[in-house]
Amino acid sequence: MTRSSSENAPHETDAPHPRKRSSRASRTGDGGGEGPGASWPRYVPPHRRREEARIAKLDLAPPPEPLDHPLVATNVPGLVTTDGELLDLVATLREAGAFAFDTEFIGEQNFFPIFCLLQVATIQTATLIDPLAGVDLLPLWELIADPAVETLVHAGLQDLEPVERLTGRPPAAIYDTQIAAGFAGLDYPCSLRKLTDALTDADLGADHKFTDWRKRPLTGDKREYAANDVRYLALLRERIDEEVAKRGHTAKVPEENRRLCAPGAFVSDPLSGRLKAQGTRGMSRRTRAVLDALLHWRQAEAIRNDVPVRMFLADQVLVDLALHPPADAAALRGFKGVPRPVKEHYAAEIPAVCKDAADGPLPPRARRNPPPSEEDKARLDAIWPRVRAFAEDAGISPSLLLNKKELTALVYADAAGQPLPPSRLRRGWRSAFLQPILGDLVTPEA
């Protein structure tokens, strides 16, 4: 399961959905911008270059034989390279009613990931799909959006991203073994390798984390390693469900997995990310309005050009533009740090975005709670380990349940006599589970 770093990781948000691209390139996950991004230099991180060079020199041992178990597909994985073959495969998966799914992608060079290989498996058969052969993947995305067919994934957030973007419907009937394992007394997040080692006797073989899955032809060994990412998910699901049932959390697993099926769950909110920049503290409302407008504009143009947002325009440059808005195209061309393609294509547009935002309407004033007292800090420091211990005793991974930032917001609002902020800790299974230890702090949202 290759996972490339990506600054465009999706967030749960109500932001407008990026426009759908209907071309075959978008359906396969291939890039292809329409503006300056079409010829943008594609960044390859040093760690990937080093690892790819290292792996190329290794004489890797052949993959181990698949585990002999009724829930494990042990076949030599076939390779789908045509639209007709994919349609036949989708029909087989639909008839099975459930299948395991994973992808290998490159995520740091484009706004949307470039899929290099897709893996699917039923309990009878594991199969690979080659997007680089030009296969139209839309029928598969539509299958994942079908509530009548269950899709098993492990850490499937980025694997599932194209579904709503390309079909107009969110994923449905998703079971994520990484999420479910958090209710089974295991760590969250837990890698597929660690989970497989903990619950089965299977051997996934060598780690192909930084394999360049774009290279063709795919050797038999590579096919086997790729198939291992899906062939054990049905078995893992059975073992996890047994452990979850022992702890009384069976109803919580589908509720948590439904977060992956919420409309808009894979849309990146440009205002929610943490900026890697100085100068954001103490901004006036007008400057904040300009920055927010630039953040929305940057994401829209990065999507249109299929370029990562920070490659398109760095956070610090964006903040500097908000602090010192260029008055016209000439001022923008002389602005330090703005990449040449942006200057060439957007010299007039960026000043216009800044002016329109500065003219209003302005964002509401930020509500400022009084600084927490030492007593408030002591209360938080006392509650935090108790909550973690409470979760661990129940067999729920504390990091799946909550993070300290969420708890801090509730404790400090309560101490200041302010209304409790919206929080996932006040919704669903979390609210009910935390009531015995947090009481009114997790009063359900109206």
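Asp 241 is partly exposed, with a relative accessible area of 29%; here buried means under 20% relative accessible area, exposed over 50%, and partly exposed in between, using a 1.4 Å probe and protein chains only. Its partner in a salt bridge is Arg 237, and the closest N and O atoms of the two are 2.7 Å apart. A salt bridge is counted when a side-chain nitrogen of Lys or Arg lies within 4 Å of a carboxyl oxygen of Asp or Glu. Arg 237 is also partly exposed, at 22% relative accessibility. Both residues belong to helix α9 (residues 233-247), where they sit four residues apart, about one turn of the helix. Helices (H or I, at least four residues) and strands (E, at least two) are DSSP runs, numbered from the N terminus.

Before we go on, a word on the coordinates: this is a predicted model, in which local features need pLDDT of at least 70 and side-chain atom pairs count only at pLDDT 80 or more, while totals for chains, interfaces and linings use all residues. Residues are numbered from 1 along each chain as its sequence is written, and side-chain values use heavy atoms, with hydrogens and water left out.

Let us stay with the charged pairs. The salt-bridge count comes to 22. One of them joins Asp 414 to Arg 379, with an N to O distance of 3.0 Å. This pair links distant parts of the chain, 35 residues apart: Asp 414 is in helix α19 (residues 404-415) and Arg 379 in helix α17 (residues 374-394). Asp 414 is partly exposed at 37% relative accessibility, and Arg 379 is partly exposed at 32%. Another salt bridge connects Asp 212 and Arg 214, whose closest N and O atoms are 2.9 Å apart. Here Asp 212 counts as buried because its relative accessibility is 11%, whereas Arg 214, at 32%, counts as partly exposed.

Now turn to the sheet. It is open, has six strands in the order β1-β4-β3-β2-β5-β6, and its pairing is mixed. Its edge strands, β1 (78-80) and β6 (174-176), each pair on one side only; two strands pair if DSSP finds at least two bridges between them. On average, neighbouring strands are turned by 30 degrees against each other, direction ignored. Strands β3 (residues 114-121) and β4 (residues 126-129) run antiparallel and are joined by four bridges. Gln 119 has Leu 128 of β4 as its bridge partner.

Helices lie against this sheet. Helix α3 (residues 83-96) lies across β1, β2 (98-106), β3 and β4, and runs at about 115 degrees to β1. Helix α9 packs on the sheet too, touching β2, β5 (150-153) and β6, and its direction makes about 90 degrees with that of β5. For these angles, axes are lines fitted to C-alpha atoms, for helices over the stretch in contact (heavy atoms within 4.5 Å), and angles run from 0 to 180 degrees between N-to-C directions.

What about cysteines? A search of the whole structure finds zero disulfides, a disulfide being a pair of cysteine sulfur atoms within 2.5 Å. Cys 190 is buried at 8% relative accessibility, and Cys 261 is buried at 16%.

Finally, consider confidence. The chain averages a pLDDT (the predictor's confidence in each residue, from 0 to 100) of 89, and 86% of the residues score at least 70. Over residues 4-33, pLDDT stays under 50. Where pLDDT is low, the predicted coordinates should not be read in detail.
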